[in-house]
Amino acid sequence: VKLWVKIALAAGALLACLGAALLGGVYWWFSEEESPWSSESAEARAELDAGYRDFEKAYYADAALHFERARELDPKSAAALVFLGFTTSESESQRADFVKQIDALDRGRFTDVERFMVRLFKAGKQDFEERQAAVEDYLSRHPDEAFARSMRCDLLWDRKQWDDAEACYRALLAEQPQWVQAQDRLGLLVMSRGRFAEAEDHFVTYRYIAPNQAGPHYSLGILYLLSGRYQESEAAFTRALETKSDFCPALSGLTHLYTVWGKYPQALEAIGRTEAQAACRILVQGGFTCSRRIFNAYLQNDLAKAVAADAACAPPPMGYSLGKHQLAVWQGDFAKAAAMEEAIGREAGSDPAKQQIPFLSGFWHYFRGVRLIFEDRFGEAAEEFKLAEGELRYWTGDNAILAFVNNVHWVYALELAGRDQEAQALRRQISAINPHLFDTFKIPVLEAKLAARRN
Amino acid sequence: MKKETNPTPLLLILGALAFGLAGLSITDMLLPRPYDGLVLEAGKQGVGIPIQGVVAGSPADKAGIRQGDLLFGIAREPLADPRHAARVLQQHRIGDRIYYLIKREAEKPPVETILQLERRRIGDGPYFYAYSLGFAFFFVGLFVLVRQPGLLTSRVFFSMSCLFLIFLVCRLRPPTYSGIDSVIMGLGTVAFLLLAPAFLHFYVLFPRPAWLESVAHKPRWRQVVWLLQRGWPLLYLVPELVFGLSWLVAKVRGEELVLLGGAPKSSWWLLGLFLLLGFAALGANANHIKSQRERQGVWMVLLGSLFGLAPFVIASIWLAAGEPTSTYMLFGILPLVLVPITFTYAIVRFQLLDIQIILRRSLLYTLTTALVTGLYAAGIAMFNVFASSARSTAKGVVPFLLALAIVLLFDPLRRRIQELLDRSFFAGRSKLQTALTELGEAMTAQVDLQAVVRDLVERLPQILGFRFTALYRMRGATLERVAGPLELPANLPLLPEVQRQLQRRRGLNRLDLLGALSLRAPEVGKFVDLLSRSGVEAVADLASRRRHIGLVLFSGRDGQTPLEEEELELLTRLIDQTALALETALLLEETAQQAELERELEIAATIQAQLLPSNLRIPSGWQVAASCRPARIVGGDFFAQLPLPRKESSALVFGDVSGKSVSGALMMMAAHEVLYTLTLAMPGLEPAELFELTNRRLCAVGKRSFVALGYLETSEDSGKLKYLVAGQPPLLLRRPDGEVSELPLATHRLPLGAMAKGGYCQLEVDLQPGELVLGYSDGVTDARAPSGEFYGEARLLQVVSHADVKTPEELVAAVLKSVEAFVAGASLYDDVTLVALGRCSRGNEVSA
């Protein structure tokens, strides 16, 4: 075959490839991306997209509004119902109601994403096996879906498989570093394991990716708070609230910051701002603000103010709250305190120590520790605080502050029990994380007990 | 036979692709795209991409980003790998201010930095230097390929140049973040991987595989020689294999494959190893090359490669990972310039790869043309000024006249200036060329062989500075030294491989080039060694259209100055002229020898004629006549009268010797003398005995020569004729009434000298008065008419029968007349001899 024939053939093949590539490009350019939602209404789908974006940012109140509008536009939208369920159901009965509505829908219309979300929602938080099966089933068809992969990591977190959870988040971020929820979760996880610098990298990256979201500023605020970088923490929470003024976690964070910092009036002001925000309704109703007011008075050793605050509070929906329990032991009503501990136990199951949801068992040990220290059973109290520390350190969000409160109580318990060396060691350990904590965060009632013991 | 394919077009296509790829790479960098000036570590994946370099003055440099920092994100997007960075950057425009997330210290969080994107630059000084180097090397390779497309070494060199170009332009460039960035960089890596075996391949072959040839026939090197001659594709696969294995090992170990300049460290070690082997091969070639000039060139290339490439490899392994890019470019890339420079210098100065170039003249001619063009441009400007001030009617004519003047005068003017420059700047060269031209003309006009040889071996070395030249002439299957130093061998073998090679490549052939033939024919190696030891450096074939004349051997030149292209052409022409002059001289010599031979033959003919008796003695009562006419100047026929002791008897012999001309004449002389001497020395011998003895003697002379002989003996007052015929035609008897018959013949009548065994027998016949006996040689019957017809026996019998003759003399004359008439003036085919006898009343003598 002559050379020119070969060249002509090669040129022809090249032109054919170019032509094919051009056609492919044109098709790709003009082809529409398939929507993950089954709704036939474009407006409903737009609302779902907007709601999902807010959901990713943890703007659950805003997300709920979008999902509500989507449901109004398309009552048969499974996605709208599921996400409403995720963002608004506060109790098991509410969740059951959503499940009933979802079951009434035509499952044949569901998209794959919707089927997955429905299965997850119906499984609830406690059915790990079903959640796991749903996630793996979905990932077998969509192995690169970041949301599902993130779910898989969250499951490991919930199962307290911390190493596996960390590895899972890392693998996800190596391929999809823009998945901010994983950045935030991994940051919290490594922070709770004492790797604050690493956690800061993740939170800063989160902030870099989404500077207009309140989430990263809030997480950084928590990290700075725990590290004793109070000014930076204050700035971060403020920035979060500038980004979204009704961002309840940031208001909550500010409350904690000022409490730990010893700025009790500012703490009360932050509590007031929280109560003023409609978006924080669930928080207020859950007894958060009430508890903080009581705790604020407790730290100032003003029992009358604490009693007044308690009187202004509605009864907590679960029958217990941090503030009420604190007030009970402060007033010496140990039976009432023990009743609240029992309530936690009921919620957590027959054996709260084996409770898989971390904060409940942590709470239980903490409550018991506080009661025991006021009953002057300091050694037992110290053991409870020690057990609580193991659970509370893995809490997410502002509940991590409770770990510090627990630890401070633990130090007091050890000192009151006369185990000074252990107390000093623990104090050094805490000061290594937050060098200013013991300068500003003192509990007058326990200080008095300590002084009495020394004398 | 397998048809040999020409790979040059394919190589040129590959070269065009390499050039196009390099051009694409540079074009890609020149396109107005946003640029931050960061050089990221390719292949790195995970959180935080290490920054390998920061281009000075770039936006990243202005923002304070430094090498070693970790890049976490661009434009609010966290990065997974450098390609991701490229995609993000492509979404922005020049002038955009975008946030980068950079982490510097491990214990501190990443910080956000604003960069204002700028237009891409082709890179700073070192990168520009690297591109220039790549193109310089490419053009040197292209030049070598175009000048020596048939040489494997030049083809490998060109391939190596292409790979070098791709590596320098595509692999070392800063990333452009364009869509083709990774493709270009990837091809740069492929080029780098192939570069290692290409270097080794080239160094083994450069400037010719002298070392390989020297070990080709040693059994212990057989595998190495096979690998280096046939197994090259395997060597080219080794780097890819090493790369793959490195990747596999890293994967098995769960480690990340660390890449330096796109390749793992193992690839760089391999490059270093291949280079070391290449340097060793180059050094071995230098040792095995006989020409001092070439050796110098090879050593220069070796040094250039050593000092150019070694820092590149070392710096790549030890500096690229940790040192700033500028340091790597300074110590690694800067010395690379030595490679193309030394190659170019060696090619120009020492004519490596048999490449001659003329730089000075071309350069000067270009300047001349530019000068003349400038003059014309000035002229045009002046005319325009003139035309603009002239009358409007002249305005249209002036440009036309101007264009005409340019067409007519430009080239003559340029030639004039060029000649002037030649005389001014290249007088030496010009004189040399003139001398060569004159020598060629003088040799062509020369007819004296010795003078031509003198010009060749004395004047030519003086003119061109050769230490000697020598001429060898063909003598049968060998070449014999005709002129030249006595140190040279007196004879050389004539080898067909050498002859074919010299005939293929006219003009001067370097001896080393012939050495390459030793792989096919080992005797060529010995031939080359023999000449090389005598100081011969080049050989030229001398051949005319008619024949192969011989060889001219040339020594090296004093000062080792290479001959320029024009001088080589003149020398080739001169060798052709020498061949022509030698052919002319040889022809003249041969003509003179022929003339001399003919003269000698004439003398021999005279001597031969004088041997024939002018007077034949015959007893009374008998008449005799004889005639002998040679077909050539000298002949093989004869007749003679033998000296019988009895005066009353007479014996005549007439002979016909096999062979003609000189050989026939010599045999005739021998036969004549043997017969005469035996008759004289042994009186009383019977004719049969005489024939027996003569036969034995002639048999001893040579097996392939023999003599047909007739014997006729008469006695006084007797009618008896004693006769003996050996190999001659039968004797004819003519009676007075015209009847003709053949006399009886003996059984054994083989010519003398044909067979050692004898058995001759004489016969007798009584002749009556008036009867004639005719003896003749076969030249009579074999005479040919111009039509090709033979005279033949029938015609002879008819002439003898019908001729009105009474005496032997008349009979001989009649037959001769008839034969002459038959051949019609043409030369006789064979000698013609006639002897006739007859009875008469009284004795008579006749002249032959």
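Visitor: A disulfide here is a pair of cysteine sulfur atoms within 2.5 Å. How many disulfides does the structure hold over all chains?

Guide: Welcome! This is a predicted model, where local features need pLDDT of at least 70, side-chain atom pairs count only at pLDDT 80 or more, and totals for chains, interfaces and linings use all residues. Residues are numbered from 1 along each chain as its sequence is written, chains are lettered from A and ligands numbered from 1 in the order in which they are written, and side-chain values use heavy atoms, with hydrogens and water left out. Over all chains, the number of disulfides is three.

Visitor: Why is the disulfide of A:Cys290 and A:Cys313 right-handed?

Guide: The sulfur atoms of A:Cys290 and A:Cys313 are 1.4 Å apart. This disulfide is right-handed because the torsion about its S-S bond is about 115°.

Visitor: Where do A:Cys290 and A:Cys313 lie, and how many residues apart are they?

Guide: Helices are DSSP runs of H or I with at least four residues, while strands are runs of E with at least two, numbered from the N terminus. A:Cys290 and A:Cys313 form a disulfide. A:Cys290 sits in helix α17 (residues 288-299) of chain A, and A:Cys313 in the loop between α18 (303-312) and α19 (322-330), so to speak of distant parts of the chain, the separation is 23 residues.

Visitor: Which hand does the link of A:Cys153 and A:Cys168 have?

Guide: A:Cys153 and A:Cys168 are joined with an S to S distance of 2.1 Å. A:Cys153 belongs to helix α8 (residues 146-158) and A:Cys168 to helix α9 (residues 162-175) of chain A, so the pair ties together parts 15 residues apart in sequence. With -75° about the S-S bond, the link is left-handed.

Visitor: Are A:Cys248 and A:Cys280 buried or exposed?

Guide: Buried means under 20% relative accessible area, exposed over 50%, and partly exposed in between (1.4 Å probe, protein chains only). A:Cys248 and A:Cys280 are joined by a disulfide, S to S 2.0 Å. Both A:Cys248 and A:Cys280 are buried.

Visitor: What is the pairing of the bonded cysteines of chain A, numbered in sequence order?

Guide: One disulfide joins A:Cys153 to A:Cys168, another joins A:Cys248 to A:Cys280, and A:Cys290 pairs with A:Cys313. In sequence order, that reads 1-2, 3-4, 5-6.

Visitor: Over in chain B, how many helices and strands are there?

Guide: Chain B has 848 residues, and buried ones make up 50% of them. Its secondary structure comes to 27 helices and 28 strands.
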